[in-house]
Amino acid sequence: MTDHGDNQQGRNLTSAYLSISGMAKAYRGTPALKSVDLDVNEGEFVALLGPSGCGKSTLLRLVAGLLEPDEGTITLADQRIGHLPAYKRDIGLVFQNYALFPHMTVARNVRFGLDMRNMPRAEAETRVADALALVKLEHLAARMPSELSGGQQQRVALARAIAIRPRLLLLDEPLSNLDAVLRASVRTELRELHARTGLTIVMVTHDQVEAMTMADRIAVMSDGEVLQHDTPQQIYEQPASDFVAKFVGTPPAAMLQVDRKIDGRFAVGDTIWSPSPELEAVLAPIQRVAVALGLRPDHLALTSADAPHALPATIRTVEYLGAERLVHVEAGGQMLVIRLSADEPVVTGAVGVAIVKSPPVFDLTTGLRLGRAG
Amino acid sequence: MKLRRAAIDTVWIAWMAIGYIVVLMPIVVVFFASFSDGNTFRFPPSGFSLKWYQAAFESSEYRNALSVSLLVGILATLVSLTAGTLAAYALSRSTFRGKTMIETLLLAPLALPHIVWAIGLLQIYAWLSIGGTLLGLVLAHAALTLPFAVRIMLSTFSQLDKTLQDAATTLGASPMRVVVHIVLPLIWPGVLTSALFTFLTSFNEVTVSVLIAGSRYLTYPVRLYSELRSQGIDPTTIAISAMLVAMIIVFALIGERFLNWSRRV
Amino acid sequence: MARKSTFLLLTPGLFVTGAVFLSPFAFLALTSFWTQRPNSLLVDPAFTLVNYVRIATDMFFLRVLFHTIYLGVITVLVCLVLGLPIARWIARRAVVSRGILVVLIVTPMVSGAVVQTLGLVNLLSLLGVINGLLKQLGLIDRSIRFLGDELGVLIGLVQAFLPLMVLPLLNTMSKLPEDLESAARSLGAPAWRLWMLVILPLSMPGIIAGSVLVFFASVTSFVTPQILGQGRIQTFGTVMYQQSALVNDWPFASALAVTMMVLLGGLVLALRAIRQRLARRSNVAGAV
Ligand SMILES: Nc1ncnc2c1ncn2[C@@H]1O[C@H](COP(=O)(O)OP(=O)(O)O)[C@@H](O)[C@H]1O
Ligand SMILES: [Mg+2]
């Protein structure tokens, strides 16, 4: 986090360090990527976040040059690299299964890329030692990959990719094969490594917590498209579409569909509801389109059923989480989640839900957020 | 109860022994006969001598047949190993329409009767006038052994993780260097297995060779066959056969020990 | 991989298989409709069915055909009887000895058909080991004639092809779930019922595969009947060989070869139909 912030300020913002545009790829006629644009700044840590099968690995392999795109261009450091074969791109890639060479020791694995560059032996050895030190594995240099634990293998793969001083480091689901405890510590280690090396990193993950906690910016993907590319905070607070809102956050945002009756009143399911004037302004376009509010727990508060502008609801379950409780309520046939601190009393039966913070509103036909600039 | 169990086991083992005796007796007899001092092996044995081994090393006739077998075996192995490895690589590393059909086609010789094939092949050879030539023999043996090579190499490549090649590529290895540094070191047990298997199959082949071998290129099994058909057994061949079988068994044991043959073939 | 390089890599293999292995079958089909000029090496490339008519009407060839099939069936049965206990033992009981037992059973397969026959001739001859042994034991006083007799050929076929039965059997029997058997046994099923109701039905795929392999190998075999039969036992293989290499009637040899291919092909199709029906039935049974 220390030096890349300065980097970003010093950058010419018109052209990014890595720039992908119009990237499309189909496997035997089935599109896996549909015209993806993505810019990554130098020194940035970007997460590609999306459900399994949405095309994240495909995008990564295209950038690395292991796949040929059907369409689209890739620019790295102001140089078009689309025509370069993968082995001339200087892009490090850490594979999901690590792909360590089973017939070489840890040290030989890490040195492989340097040997391919015909680096003098002494220099290569120093680099290998440095890279192994960076992942704290100096003591295992002579081991074979089969003699390592999963976490150690992953760090060797990382060291191997870093040793070539890549212009870009790509990580494909780096934490998915680790157990939960290890995952938390590797998360921190990867962040530290990023800070220390200043590398530009693109990491693929399907885990939104991972993306939120690690990345400077997140590109949310679905079905071969990038839906939104923004800082974690923006993604969380200003989701560009209902998909993003539902995919990000713990718990994810609940979609509350709101209808308007012929007499002008608002309804949630069968329940008539009079929203606050501010909210009414937001809900103005409702006559033309079907809309939903993306409601996170922090948008909501529990009140009494007859409080002004409250949405009548029924408590269904309460989840106890130690410091807080999650209250699941049903309003007009739809489920919402409200967060209460542990000492707040929970009433039972009929309650009201107050919307205390202006939530994003989504057009249900396009999935896009309404009233968003651009 | 325990006694009954033991009795059943004894009968069972005796029954199995019949099978093993039937299968192994001929080889055992060849071994014993090779040390006989008479002209054939009889029971009870009539004496011990190494004279047939001596005769075997002095006979240039058999040396010729053996070197033809060796030559044909090596050439056929080179052809079918190369063709088989390339084809297996293509089949295991790409997807295209008709892939299963091509695989079936390449493995078909395993299932089709060799005697039928030989009758047709001989007519084609006569037509092309390559009957009885080295080329004809090598091509025939290569065709016969190719499916073994393809099958062993297919299973070898299916165990070779494609991402290893990708990893090497992203680390800067050109396609050629990926093959040299990653693919070859990881597939050599399969290559060796398939080479030895191919060679042995060719070296032992008789059904087809009897029909297509000419007088100039007479392989050792064909010589042995015609001897058995006509003039009767020359004990020298027994000594040679005993040595060959011993060599093959040693090879097989080494292959099993170090390359896990029974799992590969 | 690029389409072009895939194609290039496949070319040598396809050439060898297509040009050398498959084209002779097409050629056979063609020449089987031709005729050989009498006392000449030339053929008459005019379409005719005489070769097939001859096969279908000459009792000699029909007898040879039936005899070949008969030998094949007996060989399969003997191999089953000898092979099942071996496969079962290796699959269930052999732990340390497993590797050595498998190697011993496949040794004849890798050490050459003629060498085996050489040993068999030595064993089975009038003054050979078996007759000598039987005489020593006082079981016979005149030598049994194995060579040139059906019995000798049968022994040779079983010797050569027993491994082809054991390997597929071993393959299926090693995969039989052990707890199924212990369950049957704990319910008090005696050993023979366990075999009839559990082991044999579940080993059916291996039994069928092994039987097909052994049957095919023995009806198409040629070295064993030729040498152990000493010209007195005729099979389809030996007759084909005689018609081609000795009589030089290539078109007729082709017709014999095609006949054999068609019969074997028919058998394969029939077996496939049976297997599909069996599979369907066991699916239905599984669903109930
Ligand atoms: N080699 C391939 N051949 C055919 N389809 C593929 C191939 N690789 C990926 N796909 C398909 O492309 C889509 C995207 O895959 P991928 O990029 O691996 O997704 P992700 O990494 O996001 O899980 C999936 O539907 C997958 O089935
Ligand atoms: Mg993936």
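Q: What makes residues 65-273 of chain C a stretch with a name of its own?
A: That comes from a record: UniProt lists those residues of chain C, in an unreviewed entry, as "domain: ABC transmembrane type-1". The coordinates themselves are a predicted model. In that model, residues 65-273 of chain C are 78% helix and 0% strand, with the end C-alpha atoms 24 Å apart.

Q: Which parts of chain C are called "transmembrane region", and how do you know?
A: Again it's the record talking: the unreviewed UniProt entry gives residues 7-34, 64-87, 99-131, 151-173, 194-217 and 250-271 of chain C that label. The model can be set beside two of those spans. Residues 99-131 of chain C come out at 82% helix and 0% strand, their end C-alpha atoms lying 33 Å apart. Residues 194-217 of chain C are 96% helix and 0% strand, with 31 Å between the end C-alpha atoms.

Q: How do you know that Tyr27(A) makes a polar contact with ligand 1?
A: The cut-off is a pair of N or O atoms within 3.5 Å. A polar side-chain atom of Tyr27(A) sits 3.4 Å from a nitrogen atom of ligand 1, so the pair passes. On its own ligand 1 exposes 560 Å², and the protein buries 53% of that.

Q: What makes up the shell around ligand 1?
A: The residues are Tyr27(A), Ala32(A), Ser52(A), Gly53(A), Cys54(A), Gly55(A), Lys56(A), Ser57(A) and Thr58(A). By class that's three nonpolar, five polar and one charged. Helix H2 (residues 56-64) of chain A gives the most, with three residues.

Q: Why is the five-strand sheet in chain A called open?
A: Look at its order: E15-E19-E16-E17-E18, with antiparallel pairing. Strands E15 (300-303) and E18 (334-341) of chain A stand at the edges with a single partner strand each, so one side of each has no neighbour in the sheet. Neighbouring strands are turned by 45 degrees against each other on average, direction ignored.

Q: How do you know that E15(A) and E19(A) count as paired?
A: Pairing takes at least two bridges. E15(A) and strand E19 (residues 350-355) of chain A share four, in the antiparallel sense, so they qualify. For instance, Ala301(A) has Ala354(A) in E19(A) as its bridge partner.

Terms used. Residues are numbered from 1 along each chain as its sequence is written. Chains are lettered from A and ligands numbered from 1 in the order in which they are written. This is a predicted model: local features need pLDDT of at least 70, side-chain atom pairs count only at pLDDT 80 or more; totals for chains, interfaces and linings use all residues. Side-chain values use heavy atoms; hydrogens and water are left out. Helices (H or I, at least four residues) and strands (E, at least two) are DSSP runs, numbered from the N terminus. Axes are lines fitted to C-alpha atoms, for helices over the stretch in contact, and angles run from 0 to 180 degrees between N-to-C directions. A residue is near a molecule or strand if one of its heavy atoms lies within 4 Å of it. A polar contact is a pair of N or O atoms within 3.5 Å; within protein, one must be able to donate a hydrogen and the other to accept it, and residues adjacent in sequence count only if both atoms are side-chain atoms. Accessible areas come from the Shrake-Rupley method with a 1.4 Å probe; for residues, only the protein chains shown count as cover. Ala, Val, Leu, Ile, Met, Phe, Trp, Tyr, Cys and Pro count as nonpolar, Asp, Glu, Lys and Arg as charged, and the others, Gly among them, as polar. UniProt positions are given in the numbering used here, feature names are shortened, and annotations may be inferred rather than shown by experiment.
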